[in-house]
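Hi there,

Here is the structure I promised to pass on to you. Have a look, and then read on for what turned up.

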Amino acid sequence: MIYTDEFFMKEALKQARKAESIGEVPIGAVIVKDNKIIARAYNKREKIQSADAHAEMLAIRKACRSVGNWRLSGCTLYVTLEPCPMCAGAMINARIDRIVYGAPNPQSGACGTRLHLPEMNLLNHTPEICGGILQQDCAKLMNDFFKAVRKKKQKQ
C-alpha cells in the first residue's frame, strides 16, 4: 500500500499532540523510508532543557539509529511546522531527500517563509520541499496552544 503525504502528516500531528499534552510547543515529526515510519518525535525543549530538542532533531537521531547510518538518503521528514534554520541544516546534512511541512513558520521558517536554506546552494545536498500539507490543522494546533498560553498568563 502506498501512503499519502496527508497520511504521514496526520502521524506527525499525533506527535505534536503528545508535545502539547506535556506543555511543549506542539510540533511533531516523523521520518519515512520505503513507505514506513522509521522515527517519530515531538518537541521536548522544556522537558529536557535543551535548545536543540526540536521534534525534527530528535526524529533525525532516532532515524539514524534505525538505519544504522548518519545518512538518511531515501527518507522523507514530515513536520507540522516549517523547520527553523538549525533543523533545515540538520536535514540537509543528513541527506534527507524530502522535507514536507504543514504550517509555514513566519518567525523562523527556513524552507521558504523567512529564508530558503535548501535552495541557497551553499551545501552539497538539496532536498525537495513541500509545504502546506494539512496546513489548517497544523496551524490551528499551534494557534490554540498559544491562545491558551496567553490566557493562562492573563489570569496570573
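Let me start with Glu-128, which is partly exposed because its relative accessible area is 45%, between the cut-offs of 20% and 50%. Please keep in mind that this is a predicted model.

Glu-128 forms a salt bridge with Arg-98, and their closest N and O atoms are 3.4 Å apart. That pair ties together distant parts of the chain, with Arg-98 in strand β4 and Glu-128 in strand β5, 30 residues apart. Arg-98 itself counts as buried, at 17% relative accessibility.

Arg-61 is partly exposed at 35%, and Asp-52 is partly exposed at 26%. Another one is Lys-140 with Asp-144, at 2.6 Å; these residues sit 4 apart in helix α5, so about one helical turn separates them.

On to the helices: how do α3 and α4 pack? Their angle is about 20°, with the axes 9 Å apart, so the two are roughly parallel to each other. Their crossing is left-handed.

Finally, the surface. Met-1, Tyr-3 and Phe-7 make a nonpolar patch of about 340 Å². Phe-7 belongs to helix α1 and is partly exposed, with a relative accessible area of 33%. Lys-36, in strand β2, is exposed at 60%, and its C-alpha atom is 9.4 Å from that of Phe-8, 28 residues away along the chain.

Best wishes

Technical notes. Residues numbered from 1 in each chain as written. Predicted model: local features only at pLDDT ≥ 70, side-chain atom pairs only at ≥ 80, totals over all residues. Heavy atoms only, no water. Patch = residues over 30% accessible without salt bridge, like charges linked within 9 Å, V, L, I, M, F, W, Y side chains within 5 Å. Areas by Shrake-Rupley, 256 points an atom, 1.4 Å probe, with all protein chains shown as cover. Salt bridge = Lys/Arg side-chain N within 4 Å of Asp/Glu carboxyl O. Buried < 20%, exposed > 50% of the residue type's maximum accessible area, 1.4 Å probe, protein only. Axes fitted to C-alpha atoms, helices over the stretch in contact; angles between N-to-C directions. Parallel < 35°, antiparallel > 145°, perpendicular 65-115°, else oblique. Left-handed = near helix turned anticlockwise from the far one by under 90°.
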